[in-house]
Amino acid sequence: MVPETATSCPSCGAHFRRPRGVDSGFHFLYWGLSYRRKFVRTLWLLSLSPILLLFPKVSVGHIHLGPVGFISTLVVGVAQLIYTYAMWKKLEG
């Protein structure tokens, strides 16, 4: 019998791949989710980013937030997807 809190096998030393964070049900806070759920949530939110293109007239100074917001959300979102996918596979198998 291995304790639930053990991170590695007591006899051979192999590391266990146990999920970290909430992986079922609804959890409001992003940071409390497992990497699999973070990946799914980021994918959903990234698919909603074209909504920013519906507001081309919104601007701060001379910067139009519609196209700039869409492009920056796309770049940051794709980088976050890559990171969460890599961590999901590394830590949770």
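Rings of Phe, Tyr and Trp (its six-membered ring) are taken as a pair if their centres lie within 6.5 Å, with planes under 30 degrees apart counted as stacked, over 60 as edge-to-face and the rest as tilted. By this rule the count for the structure comes to 4 aromatic pairs. The structure is a predicted model, in which local features need pLDDT of at least 70, side-chain atom pairs count only at pLDDT 80 or more, and totals for chains, interfaces and linings use all residues. Residues are numbered from 1 along each chain as its sequence is written, and side-chain values use heavy atoms, leaving out hydrogens and water.

**The Tyr35–Tyr83 pair**

- The ring centres of Tyr35 and Tyr83 are 6.4 Å apart and the planes stand at 80°, so this pair is edge-to-face.
- Tyr35 belongs to helix α1 (residues 35-47) and Tyr83 to helix α2 (residues 65-92), so the pair ties together parts that are 48 residues apart in sequence; helices (H or I, at least four residues) and strands (E, at least two) are DSSP runs, numbered from the N terminus.
- Tyr35 counts as buried, at 17% relative accessibility, whereas Tyr83 is partly exposed, with a relative accessible area of 47%.
- In these terms, buried means under 20% relative accessible area, exposed over 50%, and partly exposed in between (1.4 Å probe, protein chains only).

**The ring cluster**

- Tyr85 and Trp88 form an edge-to-face aromatic pair, with 5.7 Å centre to centre and 90° between the planes.
- These two residues, Tyr85 and Trp88, are 3 residues apart in helix α2 and are thus separated by about one helical turn.
- Tyr85 is partly exposed, its relative accessible area being 40%.
- Phe39, Tyr85 and Trp88 are linked into a cluster by ring pairs.

**Charges over rings**

- A charge sits over a ring if NZ of Lys or CZ of Arg is within 6 Å of the ring centre and within 35 degrees of the ring normal.
- Lys38 lies over the face of Tyr35, at 4.7 Å from the ring centre.
- Over the face of Trp88 lies Lys89, at 4.4 Å from the ring centre.

**Overall architecture**

- The protein has 2 helices and 2 strands, and its elements run α-β-β-α from the N terminus on.
- Of its 93 residues, 23% count as buried.
- Among contacts (heavy atoms within 4.5 Å) between residues at least 6 apart in sequence, 39% join residues at least 24 apart.
- The protein exposes about 7,100 Å², of which carbon and sulfur atoms supply 71%; accessible areas come from the Shrake-Rupley method with a 1.4 Å probe, and for residues only the protein chains shown count as cover.
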